Amino acid sequence: RKMTPEVVRSLQKSAFAVLKQVHPTLSLSCNASKILADIAVDLITRIGVEVVTLLDSSKHKTVSAREIQTAVRLFLRGGELAKHAVSEGTKAVVKYSDESYQDAKKIETGPAQKAGLHFESNTIRQVLRKKLFDTKVDVGALVYAAACIEYLTAEIAELAGNCCKDNKKQRVIPRHIMLAVRNDEELNRLFQSGIFSSSGTLPQIYALLLPKKNKSNTEPGPPLSTSLFEDSNRFHQQLGDNPFPGPTPEEVETNLDDFDNGDEEDEDGY
């Protein structure tokens, strides 16, 4: 089931509001807002897949905040993102159930807006219908899911905004989002098979593309000796028997000493 234009427009509006909350001085391009909306749809769909599995195993007919919490921990694989997402979801549900906070607002809005969130609960419900179909979803579950999606979107928007500022730009583009996701370990693992349109490639060279080093050039040779005759003898030993054996190093040293003594005698005049 395809997303209606109203759902896509609502997600883009929420993503822009999240970016303004994290980086007030930056703006968001049209393609970047579409990518953030697609990321939100993908995250909600993953939550729905995990919830369907949990409902089949527990035989419950209504989705509560407990199932959403377990689904978030499952598809985030228990990292730092999962801890903070669960914490934000719990805070949102407590804030929504607080009657004093609702009386202080006195504004007729949706459940997610009453909890201080930017993502609308009705939009979350329509995206979850792709996997849950006609399964009943509790209001607390919608608030919990909206809080988790908003936290993950804010994390990506913050990293993309930092990349935008590093490049001395004022508007976030798809390349900033791609670099933000790929340079983070947990986000890269979460969107490992994702493709970001109009974002380019990573500025790096893979190790498989580098030329391999030749082992023959890297292996050190035998140590060189201080005497030239020792090197020549080693060379002839490698070739085989030497048909013209030369003098030994001891004979050469004695001959050199005699030659030096002879020079000294000539200088004295004898």
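1. T45. Leaving aside its neighbours within four places in sequence, T45 is in contact (heavy atoms within 4.5 Å) with V127, K130 and K131. T45 itself belongs to helix 2. T45 is buried, at a relative accessible area of 15%; buried means under 20% relative accessible area, exposed over 50% and partly exposed in between, with a 1.4 Å probe and protein chains only.

2. Basis of the note. This is a predicted model, in which local features need pLDDT of at least 70 and side-chain atom pairs count only at pLDDT 80 or more, while totals for chains, interfaces and linings use all residues. Residues are numbered from 1 along each chain as its sequence is written, and side-chain values use heavy atoms, with hydrogens and water left out.

3. Overall composition. The protein chain has 13 helices and four strands. Helices (H or I, at least four residues) and strands (E, at least two) are DSSP runs, numbered from the N terminus. Of the 270 residues of the protein chain, 34% count as buried. Among contacts between residues at least 6 apart in sequence, 67% join residues at least 24 apart.

4. The largest nonpolar core. A nonpolar core is a set of buried Ala, Val, Leu, Ile, Met, Phe, Trp, Tyr and Cys residues joined through side-chain atoms within 4.5 Å. The largest such core holds 67 residues, of which I39, I68, L76 and I177 touch the most other members. Two or more residues come from each of helix 1 (5–22), helix 2 (30–58), helix 3 (65–76), helix 4 (80–97), helix 7, helix 8, helix 9 (174–182) and helix 10 (185–190). Helix 8 gives the most to this core, with 17 residues. As for I39, its contacts, leaving aside neighbours within four places in sequence, are I156, I177, F191 and F196.

5. Helix 1 against helix 2. The axes of these two helices come within 8 Å and cross at roughly 105°. Axes are lines fitted to C-alpha atoms, for helices over the stretch in contact, and angles run from 0 to 180 degrees between N-to-C directions. Helix 1 and helix 2 are therefore roughly perpendicular to each other; angles under 35 degrees count as roughly parallel, over 145 as roughly antiparallel, 65 to 115 as roughly perpendicular and the rest as oblique. On the helix 1 side, V8, L11, Q12 and A15 meet S33, K34, L36, A37, A40 and V41 of helix 2. By class, this contact has seven nonpolar, two polar and one charged residues. Here Ala, Val, Leu, Ile, Met, Phe, Trp, Tyr, Cys and Pro count as nonpolar, Asp, Glu, Lys and Arg as charged, and the others, Gly among them, as polar.

6. Helix 7 against helix 8. Helix 7 (residues 121–132) packs on helix 8 (residues 139–166) at an angle of about 95°, with the axes 9 Å apart. These two helices are therefore also roughly perpendicular to each other. Helix 7 contributes S121, I124, R125 and L128 to the contact, and helix 8 contributes L142, A145 and A146. The classes in this contact are five nonpolar, one polar and one charged residues.

7. Helix 3. At 1.5 Å a residue, the twelve residues of helix 3 should span 16 Å, and the end C-alpha atoms are 16 Å apart, which agrees; the expected span is 1.5 Å times one less than the number of residues. The buried residues of helix 3 are E67, I68, Q69, A71, V72, F75 and L76. They pack against helix 2, strand 2 (62–63), helix 4, helix 8 and helix 10. Helix 3 is followed by R77, whose phi is positive, near 65°.

8. C164. This residue lies in helix 8. C164 is buried, with a relative accessible area of 0%. Not counting residues up to four places away in sequence, C164 touches L26, K169, Q170, R171, V172 and H176. C164 and I177 are 13 residues apart in sequence and 9.0 Å apart in space, C-alpha to C-alpha.

9. Positive phi in loops. Most residues other than glycine have a negative phi. K168 has a positive phi of about 60° although it is not a glycine. K168 sits in the loop between helix 8 and strand 4 (171–172), and at 76% relative accessibility it counts as exposed. S198, also a residue other than glycine, has a positive phi near 60°. The place of S198 is in the loop between helix 10 and helix 11 (215–218), where its relative accessibility of 63% counts as exposed.
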